[in-house]
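Here are a few friendly notes to read beside the model. They follow the charged side chains and how they pair up.

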Amino acid sequence: MKREDIAKLFEGATDEQIKALLDINSADITRALEKRKSEVDNLREELSAAKEALGQHKAIIERLEGDAGDASKLRDEIERYRQAEAERVEAEKLARERAELEARFDAVSGERKYIHDIVRKGVIEDFARALADKDNRGKSDAEIFEALTRDKGYFASQNPPPDMGGIGNTVALADREKFGKMSLYEQFVFANEHPEQAKAFLNKE
């Protein structure tokens with residue numbers, strides 16, 4: 001969000017208020033990027049551990065195959081390690097698919113904030129099922145995401161503004177005072193939902 005965008009929406013706001021809102025927005029973006037970096041780092045660590053386990057499994061299989069001892073025991077050992085390797089390959093495949101799904105979901109979510117992490121997880125699962133649905137073939141990720149979230153109230157920006165005690169249709173002095181006591185972020189949320197009332201509250205005449 002740019003300074004000019006806030007100035008248009010939040011008419012009459014001081015430079016200090018605009019700067020505070022920009023700082024809040026920048027902090028939110030930074031936290032989101034840091035969280036994503038942490039998730040990517042964790043996936044890399046898991047992949048490294050999986051590769052190390054693969055090397056160990058291959059070494060054991062080669063040793064057992066070269067052993068001329070008990071044939072029955074040898075076959076059982078080989079089969080057990082082959083099964084473990086097949087499970088590891090499947091787990092790695094699922095991890096890659098999940099990471100791809102998360103990346104595609106984050107791309108279409110953009111900077112939207114969900115009302116709760118449980119809601120976000122639920123939308124991700126709906127998104128995954130929708131991608132696999134043959135009826136959605138040919139649709140873009142953005143089109144699918146929009147259809148899943150339209151008018152659902154999943155995002156924080158769609159929450160009702162802080163209780164203004166009957167502020168709906170009035171511009172009384174008491175309501176103006178309540179607005180003035182709100183935090184800058186709460187004022188911004190209210191202004192986004194009720195721009196005309198916010199302008200009236202900010203008008204000092």
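1. A word on terms: a residue is buried when its relative accessible area is under 20%, exposed when it is over 50%, and partly exposed in between (1.4 Å probe, protein chains only). The model is predicted, so local features need pLDDT of at least 70 and side-chain atom pairs count only at pLDDT 80 or more, while totals for chains, interfaces and linings use all residues. Residues are numbered from 1 along each chain as its sequence is written, and side-chain values use heavy atoms, with hydrogens and water left out.

2. In total there are 13 salt bridges (a side-chain nitrogen of Lys or Arg within 4 Å of a carboxyl oxygen of Asp or Glu). One of them joins Arg98 and Glu125, at 3.0 Å from N to O. Because Arg98 sits in helix H3 (residues 71–109) and Glu125 in helix H4 (residues 117–132), this pair ties together parts 27 residues apart in sequence. Helices here are DSSP runs of H or I with at least four residues, numbered from the N terminus.

3. Please look next at Arg120 and Asp106, whose side chains form a salt bridge of 2.9 Å, N to O. Arg120 belongs to helix H4 and Asp106 to helix H3, 14 residues apart. Arg120 is buried at 16% relative accessibility, whereas Asp106 is partly exposed at 23%.

4. Finally, Arg129 and Asp126 make a salt bridge with their closest N and O atoms 2.5 Å apart. Both lie in helix H4, three residues apart, about one turn of the helix. Arg129 is exposed, at 54% relative accessible area.

Note on methods: Helix = DSSP H or I, 4+ residues; strand = E, 2+ residues; numbered from the N terminus.
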